[in-house]
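Hello,

Here is the structure for you to look over. My notes follow below it.

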Amino acid sequence: MTERTNRTGMAIASLHGVEKTYGTGAAMVRALRGVDLDIRGGELMVLLGPSGSGKTTLLNIVGGIEPATSGRVTVGGADIASLDDAARTEYRRTSVGFVFQFFNLIPTLTALENVQLIAELVGGGEPGRSELVLRAVGLSDRMHHFPGALSGGEQQRVAIARALVKEPPLLLCDEPTGSLDLETGRRVLALLRSLASNDGRTIVIVTHNSAIAAIADRVVTMGSGQVTDLAANPAPAAAETLEW
Ligand SMILES: Nc1ncnc2c1ncn2[C@@H]1O[C@H](COP(=O)(O)OP(=O)(O)O)[C@@H](O)[C@H]1O
Ligand SMILES: [Mg+2]
């Protein structure tokens, strides 16, 4: 416990006064209304809030998928807003791993090929690395299966392997258990918890499910585009004990 806490350290991403508006005039939506937040290296952060509170918008801004309207976002010391298109693409490709609710695997490629495709896109990596990462997420005997032949939980673990093969400093997960049953969801969360605790990965999980907050090192609660609460959790629960 102490070891893990000690590894949870300096801010690797910071948001200052971040605002995001969509549309104009009567159709204008203020999705983020002045968010200040640090994401610390090695922590598992759960970003909790009801539908429409701005969680996905926040995650996409940190991940370089969309720009903030105003405010400052720095990741690893670099100001995301100042990156040109090419640099932002490079940032998305190498610095962040994304995991989504609906896995987004390519159905005509096997689990291994889905992971290898990304490994090749980011510059190869050593041979055997994709296999290694798939083994690490518990899929040694499923590598040559196509997504359609895998359970939802297995598909999500392929998606996690695909994100991890890039060795990203930040793993961003948007409702990663949103389409999984309880038991499978617990297993995916146990994997994410272990990646933070045992491998020192920095992970943000976005969810509307308050039960998931129990496994976090820190819980950020959002409401109407603002951070309404931030709580440290010195003794995160094991994912296997969650109920919802
Ligand atoms: N591309 C978009 N165009 C217009 N409005 C959007 C867009 N994306 C999100 N919004 C609005 O911004 C607000 C926050 O959305 P979102 O970040 O998806 O919330 P959450 O992930 O917490 O459900 C919502 O009111 C949503 O309708
Ligand atoms: Mg969302």
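**Ligand site and sheet**

The shell around ligand 1 is made up of three nonpolar residues, eight polar and one charged. (Ala, Val, Leu, Ile, Met, Phe, Trp, Tyr, Cys and Pro count as nonpolar; Asp, Glu, Lys and Arg as charged; the others, Gly among them, as polar.) Among the surrounding residues are Tyr22, Val29, Ala31, Lys55, Thr56 and Thr57. A residue is near the ligand if its C-beta atom, placed from the backbone, lies within 6 Å of it.

This is a predicted model: local features need pLDDT of at least 70, side-chain atom pairs count only at pLDDT 80 or more, and totals for chains, interfaces and linings use all residues. Residues are numbered from 1 along each chain as its sequence is written, while chains are lettered from A and ligands numbered from 1 in the order in which they are written.

β2 (29-40) and α2 (55-62) each supply at least two shell residues. α2 gives the most, with three. (Helices, H or I of at least four residues, and strands, E of at least two, are DSSP runs numbered from the N terminus.)

Now the sheet. Six strands form an open sheet, ordered β6-β7-β8-β3-β9-β10, with mixed pairing. Strands pair if DSSP finds at least two bridges between them. β6 (96-99) and β10 (226-232) are the edge strands, each pairing on one side only. β3 (residues 44-48) and β9 (residues 218-223) run parallel over four bridges. Val46 has Val219 in β9 as its bridge partner.

Best wishes
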